[in-house]
Amino acid sequence: NKRHNTADNVRDKDFYSRLFRAHDRLNVAPEIMDEIGFEDCDYIALEARWQVWQRFEDWKATLELHVPCRDPIDHLMSLCSHLNHEFRCNEDLAEQVDACIQFMDRFDLALNNSTKNIALKCFGDTPAYIGWIGTKLQRKRYTAELRHGSSNKARNKSAECIWSNATAMREAREHLLRTQPYFAFCDSCMASCENLDKSTSMPVATSTTTSTLPLIYGHIHMAKTAGTTLNGMLALDFERVCGHKGYSFDAVQANARHTIGADVTTDKDFYSKLFRTFGRLRVPLRMMNEIGFEDCDYISFEEQWQVWQRFEN
C-alpha cells in the first residue's frame, strides 16, 4: 500500500511484477496464491470463476461465502460504464442488458449446496460489513489509509437514460432476475435471514489506538544453533512469524513441497526464480524488506546485527 502510486494506470514495481507482468502485490497472480496456499487464511477474496471455491469442499472447516449485492439497475449501469457501453433505452432492452453482463461466471447457485461445507450469505452495506467482519478477524498492529481500491470509472448518472424510463428499468430488472443466477440469488437473499445487513451486531468500522507499545519478539539466528528448525517450526505452528527461514503465511505449502533431506534451495517456487540460491524456506533479505515487518509478532534474522537497527524508531 505504501509503495502504490495513486494513479490508476501505474503498476507497482515489486518482485511479483517481475514474475507476472500484469500483476503485483496489490493484484496477486493466481499462481502465486496457489503456491502460498490458503491454510493460514481466515478471510479469502478471489476474483475468479466460481469453480475455484470447490477446492475447499474437503477441508475440515465451514466456508461461509459473503456475496456483495447492489441494486440490480445501479449494478448494471456500473458494468456498462466499466465496459464503455452506452445503454440505449430505445433499443432492444434484453440485448442492451446482455451487452453489459460480464464476469457473472464468478457466481453459481451450485455453491449453495447444504450437503457441502460451503454456505452463502449476502450483504449490501459495505461500510457496516467491514465493521462487522472486523470483529471476526485479527486486527493488525499497524494500519494505514488505503491508497488503492476502486476500479470504477466516474459515472454521470444524469446521462443514463434508464433512471427516467420506468418501463426500461422494470424490463431490465426482470431480465436480470430471470437470466442471471447472481441477481436472482441477491434478490432472494437480501430479503432473508442470510442477509448480513440485518445482523444487529454489525457496528460501524472504527479505528482503535493504544498508548501501550506492542511487544515484538526477535530471534537472532546464530550459526549452528538450530535456528533453521526453530524458525521453521514456529512458522508452521503460529501466526505472524516472519523469518529468513520461513513465514507463517505460506509455511504449510512451502513445507509440503520440500523434499526431506534436500537443501531448501532445491525447492522450485517463484522466489527461487527471482533469486537463484533462495526460496520460500530461505527468504532473501530483499524480499523480506519488500514484504515489510509491520505484521510480525516474531522476527528471525540470519543477518549481521545492524539489521535490527531499523526497529529503533
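Cys89 counts as buried at 15% relative accessibility, where buried means under 20% relative accessible area, exposed over 50%, and partly exposed in between, with a 1.4 Å probe and protein chains only. The model here is a predicted one, in which local features need pLDDT of at least 70 and side-chain atom pairs count only at pLDDT 80 or more, while totals for chains, interfaces and linings use all residues. Residues are numbered from 1 along each chain as its sequence is written, and side-chain values use heavy atoms, with hydrogens and water left out.

Cys89 has a bonded partner, Cys161, and their sulfur atoms sit 2.1 Å apart. That makes the pair a disulfide, taken as two cysteine sulfur atoms within 2.5 Å. With a torsion of about 90° about the S-S bond, the disulfide of Cys89 and Cys161 is right-handed. Cys161, at 25% relative accessibility, counts as partly exposed.

By this rule there are 5 disulfides, and the bonded cysteines, numbered in sequence order, pair up as 1-7, 2-4, 3-6, 5-8, 9-10. One of them joins Cys69 to Cys186, with 2.0 Å between the sulfur atoms. This link is left-handed, at -75° about the S-S bond. Cys69 lies in the loop between β1 (63-68) and α3 (72-82) and Cys186 in helix α7, so the bond ties together parts 117 residues apart in sequence. Helices (H or I, at least four residues) and strands (E, at least two) are DSSP runs, numbered from the N terminus. Both ends are tucked away: Cys69 is buried at 7%, and Cys186 is buried at 6%.

What about Cys193, how far is its sulfur from the closest cysteine sulfur? The gap is 8.5 Å, to Cys189, which is too far for a bond. Cys193 counts as exposed, at 70% relative accessibility.

Helix α7 (residues 181-189) has a helical neighbour too: its axis and that of α6 (residues 166-179) come within 5 Å and cross at roughly 100°. Axes are lines fitted to C-alpha atoms, for helices over the stretch in contact, and angles run from 0 to 180 degrees between N-to-C directions. The two helices are therefore roughly perpendicular, since angles under 35 degrees count as roughly parallel, over 145 as roughly antiparallel, 65 to 115 as roughly perpendicular and the rest as oblique.
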